[in-house]
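Reader: I'd like to learn how to read a structure like this one, feature by feature. Can you walk me through it?

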Amino acid sequence: QVQLVESGGGLVQAGGSLRLSCAASGRTFNNYAMGWFRQAPGKDRELIAALSRGGGSPYYPDSMKGRFSISKDNAKNTVYLQMNSLKPDDTAVYYCAADPSLHRIIVATTDKDMNPEVWGQGTLVTVSL
């Protein structure tokens, strides 16, 4: 099983950009689909982006298309989330998750029985006016 550690969060002004990293330990990284989620205080967890084990054809919910981009570097066992044109509403704790099933990651926020196998501890992103 992999372990995940997120980094790159912090305070940014509205309109700015951040790139989050999710470093995976373990030699089975390529056996996992990956996803980025976020949870704001008092709100449900949201899926931002998902990526298959092979890294092709990223998936974004309609509400997340345009400002977020997921990518991975297999040589570094790392998945990234590039965030642009940030807004105060983007303030949340951002988590990466891993599961052998891309489907499980995509439906994780709509089907409580489909919880990704591995989660990171989260990194806080705060967007100020």
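**Contacts, core and pocket**

Author: Let's start with Arg38: leaving aside neighbours within four places in sequence, Arg38 is in contact (heavy atoms within 4.5 Å) with Asp44, Arg45, Glu46, Ile48, Met64, Phe68, Asp89, Asp90, Ala92, Val93 and Tyr94. Before going on, some ground rules: this is a predicted model, where local features need pLDDT of at least 70, side-chain atom pairs count only at pLDDT 80 or more, and totals for chains, interfaces and linings use all residues. Residues are numbered from 1 along each chain as its sequence is written, and side-chain values use heavy atoms, with hydrogens and water left out.

Reader: Is Arg38 buried or exposed?

Author: Buried means under 20% relative accessible area, exposed over 50%, and partly exposed in between (1.4 Å probe, protein chains only). Arg38 has 8% relative accessibility, so Arg38 counts as buried. Its place is in strand 4; strands (E, at least two residues) are DSSP runs, numbered from the N terminus.

Reader: Which side chain does Arg38 join in a polar contact?

Author: A polar contact is a pair of N or O atoms within 3.5 Å; within protein, one must be able to donate a hydrogen and the other to accept it, and residues adjacent in sequence count only if both atoms are side-chain atoms. Here the side chains of Arg38 and Asp90 are joined by one of 2.8 Å.

Reader: How do I read the largest nonpolar core, and which members touch the most others?

Author: A nonpolar core is a set of buried Ala, Val, Leu, Ile, Met, Phe, Trp, Tyr and Cys residues joined through side-chain atoms within 4.5 Å. The largest has 30 residues, and Leu4, Met34, Trp36, Ile48, Leu81, Met83 and Tyr94 touch the most other members. Among the elements that give two or more residues to this core are strand 3 (18–25), strand 4 (33–39) and strand 5 (46–51). Apart from it lies another core, of 7 residues, including Ala33 and Ile105.

Reader: What does Met34 touch?

Author: Not counting residues up to four places away in sequence, the residues touched by Met34 include Leu4, Cys22, Phe29, Ile70, Val79 and Ile105.

Reader: What about Gln82: where does it lie?

Author: Gln82 lies in strand 7 and is partly exposed, with a relative accessible area of 26%. Beyond four places in sequence, Gln82 is in contact with Ser17, Leu18, Arg19, Arg67, Phe68 and Ser69. Its side chain also makes a polar contact of 2.9 Å with that of Asn84.

Reader: Which residues line the largest pocket?

Author: On a 1 Å grid over the protein atoms alone, a pocket is an open set of points where a 1.4 Å probe fits, with protein on both sides within 12 Å along at least five of seven lines; lining residues have an atom within 4 Å of a point. The lining here is Phe37, Arg45, Ala108, Thr109, Asp111, Lys112, Met114, Asn115 and Trp119. By class, that gives 4 nonpolar, 2 polar and 3 charged residues. About 170 Å³ of space lies in this pocket, the volume being the space filled by probe spheres set on the points.

Notes:
Helix = DSSP H or I, 4+ residues; strand = E, 2+ residues; numbered from the N terminus. Nonpolar A, V, L, I, M, F, W, Y, C, P; charged D, E, K, R; others polar.
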